[in-house]
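Subject: Handing over a structure

Hi,

Here is the structure I promised to pass on to you. Please have a look at it, and then read on for what turned up in it.

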Amino acid sequence: MSKKRHRPPHRTILAPATGEAPLYWECPVCGYISGDPAFLDAQHPCPFCKATGTERRSFPTERIRRLDARIRSYHREGDHEIVVILVMTFLETILEDILDRIMNAHGADLPLRRMVMDTQRSIGVRIGKVFPSLAGEEFEDAAAELGYRDFPYRWRQLREARNAFIHDSPFNGVKEALQPSMGDNAMDLLDQAYQLFVLMNNKFVADGFHGA
Ligand SMILES: [Zn+2]
């Protein structure tokens, strides 16, 4: 597995847990994302590329924040089946975003990125084929290196439970309802997904690959 690292290691500052979508800022020059509030100040240099004076975009986007808020409100109401279904949608969106950002960092233009996403719609293929071909390592290995070894496995388990629930029909027998604990599992994955996204971004988008 090749690893393109042109810069010394850096430590990503993660945003504190607040019970809602976390707030991060992104350097528009190199794509680095930080949860350090000082990063909002444009005079504070980017810890990665040292750029100053540029307005930092916030992450996650408004679209993700709205979805996050809806998921948390369903969770407060104890509607764990909706929580599981929406968290799966959320995770798929986050994965699509990171793949898009890595492709962009590799120099892929919008039509190419759109074509890849349109033709590789299966979540299994995106994780098992698209990610490794872009990142140079398996998704599971990258998650483990960044401290989230269980994440891919827990995501897969929840995906299987969701699929069994959604595709339940009189023709293939009654599937068990989603368990309430799966709603809590889904919420753990939601919170972890932001952190993993930021760490993967800083490793595969800002670090090494950007502009390579
Ligand atoms: Zn930067």
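A word on naming before anything else: helices (H or I, at least four residues) and strands (E, at least two) are DSSP runs, numbered from the N terminus. With that in hand, you can find Gly-136, which follows α4 and has a positive phi, near 80°.

What you have is a predicted model, in which local features need pLDDT of at least 70 and side-chain atom pairs count only at pLDDT 80 or more, while totals for chains, interfaces and linings use all residues. Residues are numbered from 1 along each chain as its sequence is written.

**Confidence**

The predictor's confidence in each residue is given as pLDDT, from 0 to 100. The chain has an average pLDDT of 88, and 89% of its residues score at least 70. Confidence is highest in helix α5 (residues 139-145), at 97, and lowest in strand β3 (residues 57-59), at a mean of 89. Please be careful with residues 1-5, where pLDDT stays under 50. Where pLDDT is low, the predicted coordinates should not be read in detail.

**Overall layout**

The chain has seven helices and three strands, and their order along the sequence is β-β-β-α-α-α-α-α-α-α. Two residues are in contact if their C-beta atoms, placed from the backbone, lie within 7 Å. Among the contacts in the chain with a separation of 6 or more, 62% are between residues 24 or more positions apart.

A residue is buried if 20 or more other C-beta atoms lie within 10 Å of its own, exposed if 12 or fewer, and partly exposed in between. By that count, 32% of the 212 residues of the chain are buried.

**The core**

A nonpolar core here is a set of buried Ala, Val, Leu, Ile, Met, Phe, Trp, Tyr and Cys residues joined through C-beta atoms within 7 Å. The largest one has 49 residues, and those with the most contacts inside it are Val-84, Val-87, Leu-91, Leu-158, Ala-186 and Leu-189. At least two residues of this core come from each of β1 (24-26), α1 (62-76), α2, α4 (123-135), α5, α6 (151-166) and α7 (180-206). Its largest share, 13 residues, is supplied by α7.

In α4, the buried residues are Val-130, Phe-131 and Ala-135. The cover over the buried residues of α4 includes α2, α3, α5 and α7.

**A pair of helices**

Helix α2 (residues 80-105) and helix α3 (residues 110-119) have axes that come within 10 Å and cross at roughly 145°. Axes are lines fitted to C-alpha atoms, for helices over the stretch in contact, and angles run from 0 to 180 degrees between N-to-C directions. On the α2 side, Glu-96, Asp-100, Met-103 and Asn-104 meet Arg-113, Val-116 and Met-117 of α3. Sorted by class, this contact of α2 with α3 has three nonpolar, one polar and three charged residues. In these classes, Ala, Val, Leu, Ile, Met, Phe, Trp, Tyr, Cys and Pro count as nonpolar, Asp, Glu, Lys and Arg as charged, and the others, Gly among them, as polar.

**Single residues to look at**

Most residues other than glycine have a negative phi, and most peptide bonds are trans. Against that background, Lys-50 has a positive phi, near 70°, and Lys-50 sits in the loop between β2 (33-34) and β3. A cis peptide bond, with omega about 0°, joins Phe-59 and Pro-60. Pro-60 belongs to the loop between β3 and α1.

Is Ser-34 buried or exposed? Ser-34 counts as buried because 26 other C-beta atoms lie within 10 Å. Ser-34 is part of strand β2 and, leaving out residues up to four places away in sequence, touches Thr-12, Ile-13, Tyr-24, Trp-25, Phe-39 and Pro-47.

Arg-66, in helix α1, is exposed, because it has 12 other C-beta atoms within 10 Å. The C-alpha atoms of Arg-66 and Ala-21 are 9.0 Å apart, although 45 residues separate them along the chain.

Best wishes
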